[in-house]
Amino acid sequence: MKTKILLDEDQMPRQWYNILPDLPSPLDPPLHPRTGKPLVPDDLRPIFPMELIRQEMSDRKFIEIPSEVRDILLLWRPTPLFRAHRLEKHLGTPAHIYYKYEGVSPPGSHKPNTAVAQAYYNMKEGIERIATETGAGQWGSALAFATQLFGLACTIYMVRSSYAQKPYRKSMMQVWGAECIPSPSTRTKAGQAVLEKDPQTTGSLGIAISEAVEDAATHPDTNYSLGSVLNHVCLHQTVIGQECREQLASVDEYPDVVIGCVGGGSNFAGISFPFAGDKLKGKRKDLDIIAVEPASCPTLTKGLYTYDYGDVAGLTPLLRMFTLGHDFVPPSIHAGGLRYHGDSPIVSRLVHDGVMRAVSYHQSEVFDAAQTFARTEGIIVAPETSHAVKAAIDEALACKRNGQTKTILFNCSGHGNFDMSAYDAYYAGQLVDYEYPDKLIREALSRIPRVPGT
């Protein structure tokens, strides 16, 4: 039985898969933040290159990957698919557990799959600098890596609590030439407004997005880049699932369960959308697709499916998604990442329609799972990824109880080599299993803008 399943370089996908044409009905359109009317391409021109705008709204099922992008992706792709034999034996399960290991990229996660593409399209349009936000630092380090390759400057607003907790992610960004600023900052009006209201705030992705969007919109040489949520980001990540399908086919397997952790939804979309497309077309109606999130930021499991801003200041378009409210600030005691208040509109739609389902876990139990995984398979995973590990273990143990032999696939979206402060807190007994109170969620949801018909 194989442990590691590899593909040759010429087997890396040459196209991205766009799930939008396979949806039973069109996705609800993004709305202009001031007029409330559906966005048109020109609305996004101040912050995005035209090709990414086309991809965001495309009705083409497959979109060619440019050769310049593909050449860089080949530095680490195709990524390996592993059969977790040692974990299976430890659990005593009849299930077959496979994990796609995205930690082999230079920044150590799945994020450069889209960072490289976004940097390329901005370079082609003559943009000189990209502004972005980052939470735990995986996206910031990926974009710093990608912009360096294409000769672009990069400014990254990093959520203040993560900036303090994960100093080596900041160092990675600086090695690749990026400027990393703790958010909220005094550099933008959005940051100044937040600090005036709460000088001690630990920050949030929603705040950092406001700062990055404002930076891009107020500098003609600068565009904005987002590492998750948007359609074109999910599109670029589908190389993951496409490779998985070919790797599993080589050992005559197809997943019964597909799992990924979810913050904004990019790595989950990457592994699940090619399989969700099969399910939507009636090929695998019983396929179980599981989105896993933290109990302290329970967007899919406790949020409201409605239109909301993607940022605190209301500068971004209104997206129909599951949301905890755009001014949601996650607790600083949460160490596991996945802290965004909303989710990908496509992922949200598929969960809302029952094509996928969502579960949430407390951080102590996901770190327990990460420890089990490290002690059996050897990989110390990112705290975010540990949520997917926990769900995979739970599904495998259910197979043990029920005597079922299922094929379980999960996305091992990144290594945790720069996240050891979270593991230190785990071993020191400092992690608190905080479940975000329903009262605070209701308060945040009460401030969501009301859009007729939703």
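This is a predicted model: local features need pLDDT of at least 70, side-chain atom pairs count only at pLDDT 80 or more; totals for chains, interfaces and linings use all residues.

Colleague: In what order do the seven strands of the open sheet lie?

Modeller: Strands here are DSSP runs of E with at least two residues, and helices are runs of H or I with at least four, numbered from the N terminus. Two strands pair if DSSP finds at least two bridges between them. The pairing in this sheet is mixed, and the order is β1-β4-β5-β15-β10-β11-β14.

Colleague: Which strands are at the edges?

Modeller: An edge strand of this sheet pairs on one side only. One of them, β1, pairs with β4 (residues 81–83) in the antiparallel sense over two bridges, with I5 facing L81 as its bridge partner. The edge strands are β1 (4–5) and β14 (357–361).

Colleague: Is β11 enclosed or open to the outside?

Modeller: A residue is buried under 20% relative accessible area, exposed over 50% and partly exposed in between, with a 1.4 Å probe and protein chains only. On one side of β11, D288, I290, V292 and P294 are buried, and on the other I289, A291 and E293 are too. Seven of the seven residues of β11 are buried, so the strand is largely enclosed by the rest of the structure.

Colleague: Which residue of β14 stands opposite A291?

Modeller: Five bridges join β11 to β14, and the two run parallel. On the β10 side there are also five bridges, again parallel, and there I259 stands opposite I290. In β14, the residue opposite A291 is A358.

Colleague: At about what angle does helix α17 run to β10?

Modeller: Axes are lines fitted to C-alpha atoms, for helices over the stretch in contact (heavy atoms within 4.5 Å). Angles run from 0 to 180 degrees between N-to-C directions. Helix α17 (residues 383–402) lies across β5, β10, β11, β14 and β15, and its angle to β10 is about 155°.

Colleague: Is P298 buried or exposed?

Modeller: P298 is found in the loop between β11 and α14 (299–302). Leaving out residues up to four places away in sequence, P298 touches E293, G303, L324, Y436 and I441. Its relative accessibility is 1%, so P298 counts as buried.

Colleague: What about P345, which is found in helix α15: which residues does P345 touch?

Modeller: Helix α15 covers residues 345–352. P345 is buried, with a relative accessible area of 5%. Not counting residues up to four places away in sequence, the residues touched are L27, V229, L319, R320 and M321.

Colleague: How many aromatic pairs does the structure hold, and what is the geometry of F367 and Y423?

Modeller: Rings of Phe, Tyr and Trp (its six-membered ring) pair if their centres lie within 6.5 Å; planes under 30 degrees apart count as stacked, over 60 as edge-to-face and the rest as tilted. The structure holds 15 such pairs. The rings of F367 and Y423 have centres 5.2 Å apart and planes at 80°, so this pair is edge-to-face.

Colleague: Which helices does that pair link?

Modeller: Both F367 and Y423 are buried. The two residues are 56 residues apart and link distant parts of the chain: helix α16 and helix α18.

Technical notes:
Residues are numbered from 1 along each chain as its sequence is written. Side-chain values use heavy atoms; hydrogens and water are left out.
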